[in-house]
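My entries follow in the order in which I checked things.

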Amino acid sequence: MSYYQVKNLEQYFKHYNKSIREPRKFWDKIAEENFTWYQKWDKVVEFDMQEADVKWFLNAKVNITKNCIDRHLAKRGNKTAIIFEPNDPKEEAQHITYNELYDRVAKMANVLRDQGIKKGDRVCIYLPMIPELAVSVLACARIGAIHSVVFAGFSASAVTARINDSECKMVITADGGFRGSKSIDLKGIVDEALEKTPSVEKVLVVKRTNAEIKMKEGRDIWLQPLLDEAVPNNVAEIMDAEDPLFILYTSGSTGKPKGMLHTTAGYMVFAAYTFKNIFNYEEDDVYWCTADIGWITGHSYILYGPLLNGATTVIFEGIPSYPDFGRFWEVIDKHKVTQFYTAPTAIRSLAKENTEWVEKHDLSTLKVIGSVGEPINEEAWHWYNNHVGKKRCPVVDTWWQTETGGIMISPLPFVTPTKPTYATFPLPGVQAVLMDERRNEIEENQVVGSLCIKFPWPGMARTIWGDHQRFKETYFTAFPGKYFTGDGALRDEVGYYRITGRVDDVVIVSGHNLGTAPIEDAINEHPAVAESAIVGFPHDIKGNALYGFIILKESGESRDRANLANEINQHVSSHIGPIAKLDKIQFVSGLPKTRSGKIMRRILRKIAEGDFSNFGDTSTLLNPEIVEEIKEGKL
Ligand code: PRX
């Protein structure tokens with residue numbers, strides 16, 4: 001494979017400049033040299049950033065699973081593609097070779113076709129982190145069905161909303177999932193979710209926990225007997241470069257989740273290129289990303305990126321603290337992991353435990369360690385660097401988003417000198433810029449601004465499923481002609497970027513992107529609640545936690561506050577999922593609002609942080625007296 005891999009900073013600058021001067025030539029060469037195509041493209045890219053209209057590799061024909069699996073078979077058929085490490089360390093790990101992966105994906109693809117799934121149909125996948133999840137995703141891609149993986153921690157109503165938004169025809173789930181010492185009743189959640197989903201015709205059920213579950217006649221089918229009957233051969237669907245590959249939902253600043261749509265060829269090229277360059281993957285390496293496949297990190301860097309490179313990738317079913325705090329380090333030791341990719345929240349939660357948990361395992365195989373999902377604070381960075389990387393492994397702090405499809409800003413290992421809390425330089429091909437409040441591009445360094453990307457890149461989402469207008473408004477109108485990330489950033493004196501956090505109403509909690517609006521909507525549905533406002537506040541482990549300011553209806557006034565707070569949290573948990581629970585709830589009699597009725601969240605944020613020093617300009621507030629009252633209530 002030749003991906004313009006760079007060996008030193010000088011080469012980085014050279015390639016970066018080339019990628020900006022001649023982006024078409026840059027991506028053309030990468031796409032040409034590293035993939036198997038049925039038919040090449042007529043044109044590398046066509047775009048109108050004003051209209052949020054972007055196409056890559058026009059009229060090319062390809063199937064991503066041919067590139068993930070088939071083309072490796074001759075050389076790597078017996079190489080392990082996936083190592084499955086179960087939740088319970090006493091259960092044996094599985095090693096799935098590329099040959100076996102081919103058979104399993106082919107069988108699953110045939111099952112899907114037999115069950116009436118065709119190219120373009122949407123399939124919702126709601127599975128724990130087991131090999132069947134990977135196989136289901138790849139089988140959809142094989143036959144051109146659009147996978148919509150929903151993280152198996154979401155509640156029934158969140159599943160309903162996602163299924164209905166994209167009108168999924170099928171759900172693939174399991175009888176249950178293991179998570180640390182608990183098992184989760186996934187099928188029960190799906191049954192509840194499917195009470196209001198007219199588009200779903202069939203549910204395929206994987207056996208994992210052997211829990212007693214209900215099977216609905218005519219709708220639910222056990223998967224294994226179908227697979228046992230299926231033929232281990234499958235002719236892949238020929239996909240156009242811009243045919244949809246998957247939908248993945250992310251939170252937004254209104255209640256409705258955004259179904260980000262990624263298409264085939266551009267996503268493939270970008271996932272593969274970024275994986276190779278950021279993790280420096282070499283043939284016998286064992287790569288492990290601890291994310292869940294239900295998030296974009298899992299899509300791009302557990303499945304597609306590694307498999308496109310013929311890598312060995314670990315799928316881990318468990319959690320970092322089960323059966324003890326040494327679990328991550330034990331898995332690295334056991335499977336001789338060479339690249340390890342995790343989230344700051346996990347690092348912070350493990351850093352507060354005794355370092356013996358790390359010291360007692362052999363981590364000498366590690367070469368590169370990565371971080372993703374939220375800003376990594378200085379203390380966590382150093383702990384990771386010292387205790388896990390032993391100061392020999394570069395820490396790649398990778399900045400990107402569900403919308404970007406792949407990593408955008410990150411150090412290149414052994415090339416870019418790392419700097420704690422900095423994602424450093426944009427990758428070649430990524431034209432990052434900072435914009436000031438007057439929508440001008442800031443040329444100089446040592447500045448802060450809104451982070452935008454000024455030229456398309458192959459991995460970018462193409463639209464929001466069913467709502468192109470929202471796509472355009474959310475990402476392409478704040479800074480016309482540019483993609484706006486929603487993040488603020490600082491650029492230091494050498495041009496390194498440090499992401500300072502969201503500048504919109506999204507809060508990143510434990511690396512999960514949570515829109516405040518959907519949580520407020522859920523809270524407001526509680527019969528005792530009149531209105532609410534959610535803000536984030538700093539939290540030692542989670543990065544940010546949620547603080548809710550809640551106004552009660554008269555009927556709620558007489559209720560016990562602690563009980564009510566519990567009920568509200570349960571309500572949030574069942575509407576969105578346990579990750580959206582509030583850490584703090586303060587009942588208030590009003591919220592600070594501008595004359596146009598907008599809640600002034602800036603003030604609430606300061607109160608939640610406990611910083612009462614300077615509320616800035618409050619002259620536009622309709623009810624300035626409420627600020628004092630809320631402040632008193634907090635004290
Ligand atoms: O705010 C940024 C933060 O996570 C957001 C994207 O969230 P999501 O779409 O769920 O994707 C997460 C995994 C790619 C970004 O807008 N974020 C992500 N990576 C970093 C980060 N913030 C700081 N540093 C990072 N390395």
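I began with contacts, where two residues count as in contact if their C-beta atoms, placed from the backbone, lie within 7 Å. Among contacts in the chain between residues at least 6 apart in sequence, I found that 70% join residues at least 24 apart.

I noted that this is a predicted model, in which local features need pLDDT of at least 70 and side-chain atom pairs count only at pLDDT 80 or more, while totals for chains, interfaces and linings use all residues. Residues are numbered from 1 along each chain as its sequence is written. The mean pLDDT (the predictor's confidence in each residue, from 0 to 100) is 95 for the chain, and 99% of its residues reach 70 or more.

Next I looked up the secondary structure, taking helices (H or I, at least four residues) and strands (E, at least two) as DSSP runs numbered from the N terminus, and the chain came to 21 helices and 31 strands. Its C-alpha atoms fill a box of roughly 75 × 65 × 55 Å along the principal axes.

I found 21 residues around the ligand, the closest being Pro 375, Gln 401, Thr 402, Ile 499 and Asn 513. The elements that give two or more residues to this shell are helix H11 (296-308) and the strands S20 (395-398), S25 (483-491) and S26 (497-502). Which strand gives the most to the shell? I wrote down S25, with three residues.

How values were computed
A residue is near a molecule or strand if its C-beta atom, placed from the backbone, lies within 6 Å of it.
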